Amino acid sequence: MTTPRLSLCGVAKRYGDLVALAPLDLALPGGTIHGILGENGAGKSTLVRLVAGGVQADSGTIAIDGAPLATGDPRAARAAGVGVVHQHFALVGALSVAENLALGRPESTGAWCAPARLAAAARALSATLGLDVGDLTAPCGALPVGGQARVEILRALSATPRVLLLDEPTAVLTPRETEELFATLRRLRDGGMLVLFVTHKLEEALALCDAVTVLRGGKRVTTVGATDVTAHDLARMMVGAGAETAARAHPRATGEPLALLARDVATNAVAGRTALAPCSLDIGAGEICGIAGVDGNGQDELAGALAGVIPRRGTVVVHGATLPADDVRAAIAAGLALVPGDRRRDALAAGMTVWQNTILAAPLLARFSGFGLLDVARARAFATDLVASYRVAVPSLDHPVGALSGGNQQRIVIGRALATEPRVLIAVNPTRGLDIAATAHVHAMLAATAATGTAVLLFTTDLDELAAIADRSFVLYRGRLAGPVSPRDRARIGALMAGLW
Amino acid sequence: MLGPAAVVAAALLVSVGVLAGAGADPLAALAALGGGAFGDRFALVDTLVKSCPLALTGLAVAIAFRSGVWNIGAEGQLLAGALAATAAAHAAAERPLALAAALASAVAAGALWAGLAAALKLRRQVNEVIATIMLNFIAARLVGFAVHGPLMETAGHYPQSDVLPAAAHLPTLGGGLHGGIALALGAVPLVWLVLHRTALGFRWRAAGDNYYATHLAGLAPARATMSAMLVSGGLAGLAGGIEVTGVTHRLFEQFSGGQGYTAIAVALLARLHPGWVAVSALFFGALTAGAGAMQRSAGVSAVFASIVQATVILALLAAEAPRFAHRRGRRRDDLAPRAGTAA
C-alpha cells in the first residue's frame with residue numbers, strides 16, 4: 001500500500017467544553033475526490049481549518065504524503081501543498097479580480113506588477129480552468145457573492161495544490177457553473193490531486209465524490225464509497241434520524257387581502273449594484289412568493305428597494321400604506337421585516353452577545369425597554385425562549401454571536417425577524433449554508449408564519465427550496481423580473497435563470 | 001493577549017531601563033514617584049485632583065469608542081468647557097446659581113464641540129479623527145484669544161482671566177479636595193448604567209459593533225453616533241468646567257496640558273469599561289502627581305512621567321492589536337479560537 005496523500009491520526013479539537021472534533025483517523029489517497037458531509041456544527045469546518053492551518057489541533061498528527069504537517073500554521077500548510085476555498089471568502093475587496101488572483105503568486109512578489117500582465121495571467125488561468133470570473137478589473141468588493149466565490153475558487157486552484165479543500169463551494173453557483181466546477185475538479189483528480197469537498201448537498205456529494213465521510217456532532221459516523229450508499233442513507237446518517245425536507249402541504253388559495261404591492265420599483269446602477277428595471281409585484285397575505293435567480297441578478301437590489309434600504313423609484317404599499325422611499329424605519333414600522341442575504345455583514349453585531357443580538361431590531365428594542373431603560377431580565381427571558389424554540393445551539397446567552405456557526409446565526413436572525421410579527425417578511429437566501437435539518441426548520445418557520453397571514457417574499461438560488469415552499473414564483477435575470485411561473489416548473493425556471501426568455 | 005496589568009508592568013520595566021540608562025537610580029526615582037502620589041494625605045489629594053479630569057474625559061472617550069466614533073477631541077471639548085464655564089461664571093458674578101451655570105455651560109460647550117465633529121461626519125463624511133483633532137487646535141486658539149482679549153484679567157498684566165467669583169467655586173471637601181471628585185465618581189456608575197442598561201446605550205454599542213446592521217434593524221445609528229458624541233463631549237466639557245471652577249479658578253493658555261489626549265490612554269487601558277476607567281484614571285493621575293515629587297526629591301525630570309505614559313500607550317497598542325483587528329471585522333476563522341478569551 002502506498003503512502004496516503006493526506007492522513008489524519010487521532011486529530012482532535014475542542015473549544016472550551018465544546019468538542020468540535022473528536023479524535024479522527026483518516027487516510028486518503030491522491031487522485032480521489034473525498035466528500036465531507038455533516039450538519040452545521042458537525043465538525044466540517046473545524047476539519048478544514050485543521051488541515052488548512054487555521055487552527056491548531058489539541059492532539060493527533062496530520063501528514064501529507066507521509067510528511068508531518070504542523071497544525072495552526074497556514075503558511076506551512078500552503079507550502080505542503082494544501083489549497084483552500086473558504087466558506088467565507090478571503091478576498092481583498094479594494095483590489096481588482098486580477099490583483100486578487102495574483103496575490104501570493106510570483107507575479108505579485110516582484111517589485112513591479114504591471115496591471116496588463118496580471119490581467120493576462122488571470123485571463124489565462126480563467127480559461128484553462130474553465131471558470132468565468134467576468135470583468136477582471138472590477139474591484140472584488142463590488143462583485144456579487146457568487147462572483148466572489150468564483151474568484152476564490154480560481155485563486156485556490158491557481159497554486160496547483162496537492163490537496164484542495166473546498167468548504168461548501170457551490171452554495172452560490174448556478175447549476176451550469178457547478179457542473180463546470182465538477183468537471184474541473186474531476187480533471188484535477190485525474191491529474192492526481194486529492195480533493196476534499198465539504199458540503200451538505202447530498203446529491204452533489206454522490207455525483208462528484210469517490211468516497212464520503214459523514215460527521216455528526218464532531219464524530220465520524222462512517223466513511224463509505226459513494227457507490228455503496230444512497231442519498232437517503234446519507235441524510236439519515238447526517239441527522240441521526242430520518243429528516244425529510246418539509247414540503248408545503250397547503251398552498252394558499254388566491255383571494256387574500258393584498259399585503260405587499262410594488263409598482264415599477266426600480267434602482268440605479270451605482271457602486272457596483274445591478275440596475276433594477278421597473279418591477280411590479282402583488283403578494284397576498286399568507287402567500288409565499290419565491291424569487292429565483294442566480295446571485296447578483298438584482299435580488300439584493302429588489303429586496304433592499306422594497307425594505308427602504310436602497311434608494312428606489314416606484315411605489316411600495318404594505319397593507320394599504322404607501323412606504324416612503326429610502327426609509328428603513330418607516331418600512332419596519334409598517335410591518336416589513338428583512339432577513340438580509342449576508343447575515344454576518346448586514347444582520348448581526350458580531351461582537352455583541354447572543355441575547356443582545358436577539359433584540360437587535362427596532363420593534364424588539366422598543367418592546368424590551370421602558371422610559372429608555374432596558375429591561376435586561378425580560379430581554380434575556382425572550383432570548384432564552386427564542387434560542388429554545390428555534391433550536392439555536394449556544395454555550396450561553398452571553399456568548400459573542402460572531403463565534404456561533406452560520407446555521408445558528410441564521411436561526412437567530414430569522415427568529416428575531418419573526419418575533420417582530422411582520423406583515424411582510426422579505427428573506428434573501430435564508431437557508432444558504434444551512435444543513436438539512438436547519439433548512440427544514442427554516443422552511444417550517446416560513447410556512448408557519450405564512451399560515452398566520454404574513455406575506456413572505458423569498459429570494460432564493462435553490463430550486464428545491466422554491467419547489468418546497470413557494471406558492472408562486474418569479475425569476476430575476478439581469479435586473480428584470482420574469483414570470484409568474486410555477487415554482488415546480490424547473491425546466492422553465494432554469495431557462496429563465498439562464499436568460500432564455 | 002496581555003492583560004492591562006501586564007501592560008503597566010511592561011511599561012514600568014521599560015521605564016526603569018530608561019532611568020538606569022540616563023544614569024539615575026531607578027529605585028529611588030520610583031520610590032519618589034510613589035511617595036509623591038500616595039505618600040501622605042497631600043500626595044493622595046493631589047493624585048485624586050489630577051485623576052478627576054482624566055476619569056471624566058476617559059469616560060467620554062470610552063463612550064465614543066464603544067459607539068464606533070473615534071473621538072480624539074476630548075482635549076478640545078475640555079477646553080471649550082473650561083472657556084464656557086469661565087465666561088458663564090464671570091457673567092453670573094456673585095449670583096446664587098453661578099456654579100451651576102458655569103458647569104452647565106461647560107457641558108453644553110463640550111457637547112457642541114463634539115457635536116460639530118459628529119455633524120461633519122454624518123453630513124459630509126468627514127473622518128471624525130481628523131475633525132476632532134482640528135477642533136482641538138481651534139479650541140486651544142479660542143482659549144488663547146479669550147485670555148488675551150475679552151476674558152483677560154482686569155489688571156491686564158498676564159494672558160489669563162480674572163479669578164472666578166467665589167459663587168462659582170466648587171465647594172471643597174477639605175484638604176484641597178474639591179466637589180468635582182464626587183461628580184466624577186458619580187459619573188462612573190452612571191455611564192455604565194447608560195451603556196448597559198438603557199436602550200440608548202444598546203444602540204450606541206450596536207452602532208459601534210455593526211453600523212450597517214444597526215441601520216437595517218431600524219435603530220438609526222446616525223442618531224446614535226450624534227447622541228454618543230454629544231454625551232462624550234458633554235463629559236469632557238464638564239471635566240474642563242470642574243478644572244476651572246475647582247482647581248485653577250481661572251482660565252489661561254496651556255490650561256489643559258494634554259489631559260484630553262491622556263484620556264485616550266486612560267480609556268484604552270480600561271478597555272473602554274467605565275469601572276476600569278476610574279482605576280486607570282487613578283493610575284495616570286498618580287503618575288502626574290508623583291512626577292513633580294520625583295523631580296524635587298530624586299532629581300529626575302518630570303518628563304520621565306511622560307515617558308511612562310507613552311510607554312504604557314505603546315505597550316497597550318501592541319498588546320491590543322488583535323482586538324482592534326477584530327473591530328475591523330475579520331473572518332470568523334480568525335475569531336473563533338479567541339472567542340473564549342475575549343473580554
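Predicted model: local features only at pLDDT ≥ 70, side-chain atom pairs only at ≥ 80, totals over all residues.
Helices (H or I, at least four residues) and strands (E, at least two) are DSSP runs, numbered from the N terminus.

**Confidence**

The model has an ipTM of 0.85 and a pTM of 0.74. In chain B the average pLDDT is 88, and 92% of the residues score at least 70. One stretch of chain B calls for caution: over residues 324–343 the pLDDT stays under 50. For these residues the model has 22 contacts beyond four places in sequence.

**Domains of chain A**

Chain A is divided into two parts, with domain 1 covering residues 6–239 and domain 2 covering residues 258–497. The C-alpha centres of domain 1 and domain 2 of chain A are 29 Å apart.

**The six-stranded sheet**

An open sheet of chain A contains six strands in the order β6-β7-β8-β3-β9-β10, and their pairing is mixed. At its edges stand β6 (82–85) and β10 (219–225) of chain A, each of which pairs on one side only. With direction ignored, neighbouring strands of this sheet are turned against each other by 15° on average.

Within this sheet, strand β3 (residues 33–38) of chain A runs parallel to strand β8 (residues 194–199) of chain A, and five bridges connect the pair. His34(A), for instance, has Leu196(A) as its bridge partner in β8(A). Helix α1 (residues 44–52) of chain A packs on the sheet, where it touches β3, β6, β7 (163–167), β8 and β9 (211–216) of chain A. The direction of α1(A) makes about 150° with that of β7(A). Helix α7 (residues 175–190) of chain A also packs on the sheet, with β3, β7 and β8 of chain A as the strands it touches. Between the directions of α7(A) and β8(A) the angle is about 145°.

**The four-stranded sheet**

Another open sheet of chain A has four strands in the order β12-β11-β14-β15, with antiparallel pairing. The strands β12 (276–284) and β15 (321–322) of chain A are at the edges and have a single partner strand each, so one side of each is left without a neighbour in the sheet.

Strand β11 (residues 258–267) of chain A pairs with β12(A) over six bridges in the antiparallel sense. Along this pair, Leu261(A) stands opposite Asp282(A) in β12(A), and Ala262(A) stands opposite Leu281(A) in β12(A). Helix α10 (residues 299–307) of chain A packs on this sheet and touches β11, β12 and β14 (313–318) of chain A. The direction of α10(A) makes about 120° with that of β11(A). Strand β11(A) is also paired with β14(A), again in the antiparallel sense, over five bridges. There, Ala266(A) has Arg313(A) opposite to it in β14(A).

| Strand pair | Sense | Bridges |
|---|---|---|
| β3(A) and β8(A) | parallel | five bridges |
| β11(A) and β12(A) | antiparallel | six bridges |
| β11(A) and β14(A) | antiparallel | five bridges |

**A pair of helices**

Two packed helices are described by the angle between their axes and the distance between the axes. For helix α16 (residues 406–419) of chain A and helix α17 (residues 436–451) of chain A, the axes come within 11 Å and cross at roughly 5°. Angles under 35 degrees count as roughly parallel, and α16(A) and α17(A) are therefore roughly parallel to each other. On the side of α16(A), the contact is made by Gly407(A), Arg411(A), Ile414(A) and Leu418(A). On the side of α17(A), Ala438(A), Val442(A), Met445(A) and Thr449(A) take part. By class, this contact of α16(A) with α17(A) has five nonpolar, two polar and one charged residues.

**Contact between chains A and B**

The contact takes in 34 residues from chain A and 27 residues from chain B. On the side of chain A that touches chain B, the elements that give two or more residues are α11 (328–333), α12 (343–346), α14 (362–367) and β18 (373–374) of chain A. Of these, α11(A) gives the largest share, three residues. The residues on this side of chain A divide into 22 nonpolar, eight polar and four charged.

**Backbone geometry**

In chain A, a cis peptide bond joins Gly483(A) and Pro484(A), with omega at about 10°. Pro484(A) is located in strand β22 (residues 480–485) of chain A. In chain B, Ala93(B) has a phi near 50°, a positive value in a residue other than glycine. Ala93(B) is placed in the loop between α4 (74–92) and α5 (98–124) of chain B.

Methods
Residues numbered from 1 in each chain as written. Chains lettered and ligands numbered in written order. Contact = placed C-beta atoms within 7 Å. Nonpolar A, V, L, I, M, F, W, Y, C, P; charged D, E, K, R; others polar. Axes fitted to C-alpha atoms, helices over the stretch in contact; angles between N-to-C directions. Parallel < 35°, antiparallel > 145°, perpendicular 65-115°, else oblique. Pairing = 2+ DSSP bridges. Domains from an automatic or database assignment. pLDDT = per-residue confidence, 0-100.
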